Each structure stands twice: as structure tokens, then as C-alpha cells.
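Okay, everyone, thanks for coming. Today I'd like to talk about aromatic rings, so let me put the structure up.

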Amino acid sequence: MISQLAIPEFHQSKTVPLAAVYHTRPYRNRSFEEIRSWIGILARPSEKIVIIRIVRLCSSVCGADVLDPKYRINLLTFIVLSFINLFLVFTGYTIYVNLYVERDWTKVLQTLCMVGSALQGYCKLLNAIWNRHHLKFMAQELHQIYKEYEQKHAHYRQELTKNVNNVLKCIKFVLYTYAINLTAIVMVVPIYRLIYKERIFVMQFLLPAVNPDTEFGYMTMNCMHLICIMFGAFGNFAADTFFITFVGHIPLLKDVLRCKFEDLNVKLDEKDMEKTKEYKAILRDIFEWHQKYMT
């Protein structure tokens, strides 16, 4: 069992020297590949938690780094909110032009195609700002779990590593999805113009007093569209990363509880369990964990 292969003398170190492990008695006759896999398990899982930094980086671009203990609504937050509000105002102006100037009802659906994403991002941003204290608490609780249980036996570290790797895989998948979609939306404009010799826009809203038929107006509107869609992509990705990070660690609570029961079974199998009474402390810890996280 991996828990029986833990190396006490290297348990507290951040890096495990491979040569030292290889010459210790339990590992002298083991293969190099086996030792390498055990070292991966014994490494500190908290060192692999780059998730929170990714969340803070993306959310700070939108002025919503709510995990910062000193966070306050700042100028960048107002700029992002202003961009969203301007998008809604310009979308209303574009619908007015479609209905009363051009008399073309079919363009209304094109104009409204991105309103849902804007409203979704608006709600995510306001929700993160409004509930920032709850998000800070969950992030601190997650850090505390990793910090505490990576100091225990190897099977705890194995579960921590497995969970953080699963969450990182989900975040990478979402990141690649956003990157592909954003690249496709932006690149279709020059490619379409190059092939069909027609002007199309990144988004569908118009700007007052800007003529889209001129080259200057066309470039100005597309630059404005590009800024809006970049902020929207960063904001939605940051919000989705918040969700994946906290929801993705729910299985960790179950896994840690299972490890506690494994520790309890070990203590109950000891001959002198009635003398040490260690199983009572573990049983109390199980009840406290269950009441704190599982109810």
C-alpha cells in the first residue's frame, strides 16, 4: 500500500531527493519508475494549486479580484460595468435603427444574439462583488484543507493531488473552449472580407455618429467590438473558473472522509487499541468533518 511506503524523513520537505530515496532501505530493490511515481504522490499538493492564481488573474482583468483581502470596487470595475451598460444602450440604439430607419425586422435577431451572454456576464460580475465575502471564505477553507491534510499520510496527499489535477483538467478544457471560440469569432471578420470582399462586424451593435460604411467607421466599430468581446471572454471565464474550482472540490470532501475511515480501521486493528484510545480521537474527527462539510 502507498500509505505504507511513505518516507517519514522526507515527509516535511518540499522536494524529495531521488538519490536519497533510492538508497533508503525500503526502496533499495525497487525500480526507478516505481520510486518516481511514489515521489509524485509524496509531493506537496498545495504547490500544484495554481487554480486560485488563475481565477484572480482573470478576475483582476475585469476589476473583480474579490479574493484579495483588500479588494474594493475600483476604477477598472466601473470601466467594465460601463462597457456592459454601453453595450446594452448601443444594442437598443441598433434595434431602433433596424426597426425605424432601415425597416428591416430580420436584423433584430442578429442584434440580440449576444445580449444573453452580456446579461449573463453582468449577473456573474455583480454576484461575485455582492458575495465576495463568501467566496473569500471558501477559498481560505480550501487552502486550509490542503495545508492541513498534505501533512498527513500519503493516501491523503494522493487524494488531494487527484482532485486538484481533475479540477485543472476541467479548467484547461474550459480555457481551450473559450480560446477557440474567441479566436474563431475574431478571425472570421478578416477572413470573410478577404474571401468574399464584404465587410462584417465582430459584434452586431452600432455606434451613434459613426458611419459603418466608411473605412474609419468600420475599423472604429470593430475595435470597440473587440474590446467588448475580450472583456466578456475574460469575465465569463473567470466566473466559470470560480464555479469549477469550488464545485470540483466537492468530491475531495468525500475522499478525505474515506481516508479518515481507513485510518480508523488501522487503529481498530491494533492489539493495544484500548490502551492508546487513539481511535476515539479519529472517530471524533470523523464526526466533526461530517458535520462541518457533509450536512
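So, where does Tyr178 fall: buried, exposed or partly exposed? Keep in mind that this is a predicted model. Tyr178 comes out as partly exposed, with a relative accessible area of 23%; the cut-off for buried is under 20%.

Now, Tyr178 has a partner. Its ring pairs with Phe237, edge-to-face, with 5.9 Å centre to centre and 75° between the planes. Tyr178 belongs to helix 8, residues 154-196, and Phe237 to helix 9, residues 215-248, so this contact ties together parts 59 residues apart in sequence. Phe237, for its part, counts as buried, at 6% relative accessibility.

Okay, zooming out. Searching the whole structure turns up 11 aromatic pairs. Another one of them is Tyr149 with Trp289: the ring centres are 5.3 Å apart and the planes sit at 80°, so we call that edge-to-face. And this pair links distant parts of the chain, with Tyr149 in helix 7, residues 132-149, and Trp289 in helix 12, residues 278-293, which puts them 140 residues apart.

What about burial here? Tyr149 counts as buried at 3% relative accessibility, and Trp289 counts as buried too, at 5%. Those two also belong to one aromatic cluster, together with Tyr156 and Tyr293.

How values were computed: Residues are numbered from 1 along each chain as its sequence is written. This is a predicted model: local features need pLDDT of at least 70, side-chain atom pairs count only at pLDDT 80 or more; totals for chains, interfaces and linings use all residues. Side-chain values use heavy atoms; hydrogens and water are left out. Rings of Phe, Tyr and Trp (its six-membered ring) pair if their centres lie within 6.5 Å; planes under 30 degrees apart count as stacked, over 60 as edge-to-face and the rest as tilted. Helices (H or I, at least four residues) and strands (E, at least two) are DSSP runs, numbered from the N terminus. Buried means under 20% relative accessible area, exposed over 50%, partly exposed in between (1.4 Å probe, protein chains only).
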